[in-house]
Amino acid sequence: MRQTPVLLYDGLCGFCDRTVQLVLRADRRGTIRFASLQGEFAASVLERHTVIRDVDSLVFIEPGDDDETGRLHVRSGAVLRIAWHLGGAWRVLVVFRLVPRPFRDWAYDLFARHRYRIFGRLDACPIPLSEVRSRFMD
């Protein structure tokens, strides 16, 4: 069983790439790993968890003993779990748990629908810098 959390992200999305760069800088412990939704690891997760196959979202996977994947968080829940994991001032975002999940997810989905238009679509997944490459899975 993998003992570190993994963030699945759209490797072709300009906003998602910026989000990964932000998490890389903010994760002072360096424990979050990353996998593009276009890669093999994400494909294996989506194959086992068909309920999230059509979700247009970040997916945050925390280690857990419920199965070989762990606990999956999507949409606003993923954002809040990432903030909690980062710790420090990022945990302030957890106040948004007071907002009912349907409203949080509605806002998340609204933004997700327009993210390519606002932040662009990449031609290919960027290659991570050598100093952080070990944190990326295929």
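Buried means under 20% relative accessible area, exposed means over 50%, and partly exposed lies in between, using a 1.4 Å probe and protein chains only. By that cut-off Cys-16, at 8%, is buried.

Now the ground rules. This is a predicted model, where local features need pLDDT of at least 70, side-chain atom pairs count only at pLDDT 80 or more, and totals for chains, interfaces and linings use all residues. Residues are numbered from 1 along each chain as its sequence is written, and side-chain values use heavy atoms, with hydrogens and water left out.

Let me stay with the cysteines. How many disulfides does a search of the whole structure find? It finds 0. Cys-13 is in no disulfide, and the nearest cysteine sulfur, in Cys-16, is 3.1 Å away. The cut-off for a disulfide is a pair of cysteine sulfur atoms within 2.5 Å. Cys-13 is buried, with 0% relative accessibility.

Next, helix H1. Helices here are DSSP runs (H or I, at least four residues), strands likewise (E, at least two), and both are numbered from the N terminus. H1 covers residues 14-26, 13 residues in total. Does its length agree or disagree with expectation? The expected span is 1.5 Å times one less than the number of residues. That gives 18 Å for H1, and the end C-alpha atoms are 18 Å apart, so the two agree.

Which residues of H1 are buried? They are Gly-14, Cys-16, Thr-19, Val-20, Val-23, Leu-24 and Ala-26. What do the buried residues of H1 pack against? Strand S1 (6-9), strand S2 (33-36), H3, H4 and strand S5 (136-137). Contact there means heavy atoms within 4.5 Å.

On to charges. The whole structure has 4 salt bridges. The criterion is a side-chain nitrogen of Lys or Arg within 4 Å of a carboxyl oxygen of Asp or Glu. I will walk through some of them.

Take Arg-135 and Asp-27. Their side chains meet at 2.6 Å, N to O. This pair links distant parts of the chain: Arg-135 is in the loop between H4 and S5, Asp-27 is in the loop between H1 and S2, and they are 108 residues apart. Arg-135 and Asp-27 are both buried.

Then Glu-62 with Arg-81. Here the closest N and O atoms are 2.7 Å apart. Glu-62 is buried, and so is Arg-81.

Now Asp-109 and Arg-75. The closest N and O atoms of this salt bridge are 2.8 Å apart. Asp-109 lies in helix H4 and Arg-75 in helix H3, 34 residues apart. Buried or partly exposed? Asp-109 counts as partly exposed at 21% relative accessibility. Arg-75 is partly exposed too, at 22%. Arg-75 also has a phi near 55°, a positive value in a residue other than glycine.

Last stop, the surface. Leu-22, Trp-90, Leu-93, Val-95, Phe-96, Leu-98, Val-99 and Phe-103 make a nonpolar patch of about 740 Å². Patch residues have over 30% relative accessible area and no salt bridge; like charges are joined within 9 Å, nonpolar side chains (Val, Leu, Ile, Met, Phe, Trp, Tyr) within 5 Å. Trp-90 sits in the loop between helix H3 (75-86) and helix H4 (101-119). Trp-90 is partly exposed, at 32%.

Technical notes. Areas by Shrake-Rupley, 256 points an atom, 1.4 Å probe, with all protein chains shown as cover.
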